Amino acid sequence: MSKAHTQHVALVAGANGIVGSQLVRVLLKNRWNVMALSRHERVSDENVTTVKVDLTDRQQSESVLSKLHGVTHIFYSAWLNAASWSEMVEPNVTMLRNLVTTMENVAPLETISLMQGYKVYGAHLGPFKTPARESDPGVPGAEFNGAQLAWLSDFQQGKPWHWNAIRPGVVGSAVTGNTMNLALSIALYASLCRAHNLPLRFPGSAQTWHSIVDHTDAGLLADATLWAATHPGAGNEAFNVNNGDVWRWSELWPRIAQWFALPSAPPVRLSCAQLFRDYQAAWRDLARQHQLVEADILKLSDGHFADFVFGWEYDMFGDGSKLRRAGFGGGIATDEMFFSLFYQLRAQQVIP
């Protein structure tokens with residue numbers, strides 16, 4: 001191992017999520033030393049050091065984190081959910097603040113990478129300007145991504161380390177059990193349609209059917225995040241990260257149906273959350289018949305995030321050219337991303 005690699009020590013917050021878990025894999029592939037923060041679960045990789053800490057607890061954070069002297073890069077994709085956007089702000093800013101203020105006193109920090117999303121552009125509020133660009137002005141109101149970056153950029157003033165803000169579209173991953181995995185929800189829905197000899201109807205409105213949504217492969221996102229964290233010209237910059245293409249659901253959905261050998265049908269507003277509950281028994285039968293790894297479909301996905309995405313009756317995409325102009329050259333066709341994820345889910349015996 002080279003000297004440069006031995007000096008790279010990553011601290012990953014949110015390492016069990018669809019973003020963090022892929023980032024851990026990419027860091028290990030690039031021969032980084034990796035520590036993963038976790039409140040409850042251990043990271044399932046023997047090459048990762050798990051640090052158990054509750055970042056909402058300042059005293060515990062200081063006690064645990066003050067022992068981590070070698071960390072050079074923090075990758076932050078942790079978040080706490082709450083009943084409303086406004087209630088998410090305080091705990092999520094607190095978690096980031098407790099981590100950063102402790103680590104900068106004990107470790108030779110170089111970069112803090114903050115995972116965000118299009119909520120900083122107001123995407124969660126309704127129709128917004130597209131393509132969203134990093135130079136777009138902020139949106140008033142309570143939103144924790146923006147509040148975190150406001151605190152972090154202010155706190156960084158005069159410090160030797162830098163920050164990056166990473167803004168993906170809808171992330172594509174083969175990780176199961178995560179509420180924000182759209183590809184998995186689609187795969188479960190398509191598998192149920194195939195088992196019941198039904199066409200794959202788009203579960204959204206006619207407006208959503210014709211809207212544009214960009215996507216971000218989890219592997220591509222991890223590569224871009226690592227690039228931004230180590231590229232000398234990327235400090236204190238925000239970057240949209242997407243696959244590099246745009247699709248309307250009206251052209252992407254028939255491609256997905258074709259992969260599952262299903263006919264596509266006109267859109268009807270359906271709830272994946274309700275369908276998964278209705279078909280729990282049917283999924284158990286499928287799992288038994290095909291020896292699938294999980295017989296409870298709700299442990300794989302509750303469908304709520306899919307309902308959220310398919311409820312967007314407006315365009316949802318950003319301009320990813322800033323990242324590529326800065327020097328990152330990665331990209332993937334979105335239909336091929338979905339096909340790859342479906343292959344992985346089938347190979348893992350998640351779907352029949």
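Contact here means heavy atoms within 4.5 Å. With that noted, I opened my notebook.

**Ground rules.** I am looking at a predicted model, where local features need pLDDT of at least 70, side-chain atom pairs count only at pLDDT 80 or more, and totals for chains, interfaces and linings use all residues. Residues are numbered from 1 along each chain as its sequence is written, and side-chain values use heavy atoms, with hydrogens and water left out.

**Overall form.** I looked up the secondary structure and found 15 helices and 13 strands; helices (H or I, at least four residues) and strands (E, at least two) are DSSP runs, numbered from the N terminus. The radius of gyration is 20 Å, close to the 20 Å that the globule rule gives for 352 residues, so the protein is as compact as a globular protein of that length. That radius is taken over C-alpha atoms, and the rule is 2.2 Å times the number of residues to the power 0.38. Along the principal axes, the C-alpha atoms fill a box of roughly 60 × 45 × 40 Å.

**Inside and contacts.** I noted that 54% of the 352 residues are buried (under 20% relative accessible area, with exposed over 50% and partly exposed in between; 1.4 Å probe, protein chains only). Of the contacts between residues at least 6 apart in sequence, 78% join residues at least 24 apart.

**Thr-208.** Next I went to helix H7 (residues 206-209), where Thr-208 sits. Is Thr-208 buried or exposed? Thr-208 is buried, at a relative accessible area of 1%. Leaving out residues up to four places away in sequence, I found that Thr-208 touches Phe-202, Trp-249, Val-309, Phe-310, Gly-311, Trp-312 and Glu-313.

**Helix H9.** An α-helix has 3.6 residues a turn, so residues three or four places apart point the same way. Just after H9, I saw that Ala-261 takes a positive phi of about 60 degrees.

**Ala-238.** My last stop was strand S11 (residues 237-241), which holds Ala-238. Ala-238 is buried, with a relative accessible area of 9%. Which residues does Ala-238 touch, not counting those up to four places away in sequence? I listed Glu-134, Trp-163, Ala-165, Arg-167 and Lys-322. Ala-238 and Lys-322 are 84 residues apart in sequence, and their C-alpha atoms are 9.0 Å apart in space.
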